[in-house]
Amino acid sequence: IPLALWGFVGYLATLTLALIAWQFPDRAREARVALVGLGSVCVAVDVALLVIMVQVIHYLCPLCLLTYLINFGLLVAAVTAYLVTNTGRSAWFVVRH
């Protein structure tokens, strides 16, 4: 299975979970937890792939690096959404503390 297909499936799952969290308030908490978990897995895989790029291939793929940044941003957004909805505080308060 091509690596890009795994990425596509991951982004599709992220979109699906985000839509569930947005449209179904009764399932929003579970969807946000799943988003944090999925984002964590994606970032962990990205770190492993980055190590392979640096240590084995000796080439930094610009598109790959961009997807790593996107995945990290999605993880930060998912964690922030989870914390904001569970603490009842603003996103700025959660980020600052």
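User: Where should I look for a positive phi in relation to H3?

Analyst: In the place just after H3, where glycine 88 takes a positive phi of about 75 degrees. Histidine 58, which follows H2, also has a positive phi, near 60 degrees. This is a predicted model, in which local features need pLDDT of at least 70 and side-chain atom pairs count only at pLDDT 80 or more, while totals for chains, interfaces and linings use all residues. Residues are numbered from 1 along each chain as its sequence is written, and side-chain values use heavy atoms, with hydrogens and water left out.

User: How many helices and strands does the protein have?

Analyst: Helices (H or I, at least four residues) and strands (E, at least two) are DSSP runs, numbered from the N terminus. The protein has four helices and zero strands, so that the pattern read along the sequence is α-α-α-α. Its C-alpha atoms fill a box of roughly 45 × 30 × 15 Å, taken along the principal axes.

User: What span is expected for H2, and what span for H3?

Analyst: The expected span of a helix is 1.5 Å times one less than its number of residues. H2, with 30 residues, reaches 41 Å from its first C-alpha to its last, close to the 44 Å expected at 1.5 Å a residue, and H3, with 26 residues, reaches 37 Å, close to the expected 38 Å.

User: Which residues of H2 are buried, and what do they pack against?

Analyst: Buried means under 20% relative accessible area, exposed over 50%, and partly exposed in between (1.4 Å probe, protein chains only). In H2, the buried residues are Ala28, Ala31, Arg32, Leu35, Gly39, Val43, Asp46 and Met53, and they pack against H1 and H3. Over the whole protein, buried residues make up 19% of the 97 residues.

User: Which residues make up the largest nonpolar core?

Analyst: In soluble globular proteins, nonpolar side chains tend to be buried together. A nonpolar core is a set of buried Ala, Val, Leu, Ile, Met, Phe, Trp, Tyr and Cys residues joined through side-chain atoms within 4.5 Å. Here the largest one has five residues in all, namely Leu17, Ala21, Ala31, Leu35 and Ala78, and H1 and H2 are the elements that give two or more residues to this core.

User: Is asparagine 71 buried or exposed, and which residues is it in contact with?

Analyst: Asparagine 71 lies in helix H3 (residues 62-87), and it counts as buried because its relative accessibility is 9%. Contact means heavy atoms within 4.5 Å; leaving aside neighbours within four places in sequence, asparagine 71 is in contact with Tyr11, Cys42, Val43 and Asp46. Glycine 10, found in helix H1, is also buried, with a relative accessible area of 13%. The C-alpha atoms of glycine 10 and asparagine 71 are separated by 9.7 Å, although the two residues are 61 apart along the chain.

User: Which residues lie nearest the centre of the largest pocket?

Analyst: On a 1 Å grid over the protein atoms alone, a pocket is an open set of points where a 1.4 Å probe fits, with protein on both sides within 12 Å along at least five of seven lines, and lining residues have an atom within 4 Å of a point. The largest pocket is lined by 31 residues, of which Leu3, Trp6, Gly7, Asp46 and Asn71 lie nearest its centre. H2 gives the most to this lining, with eleven residues, and helix H1 (3-23), helix H2 (28-57) and H3 each supply at least two.
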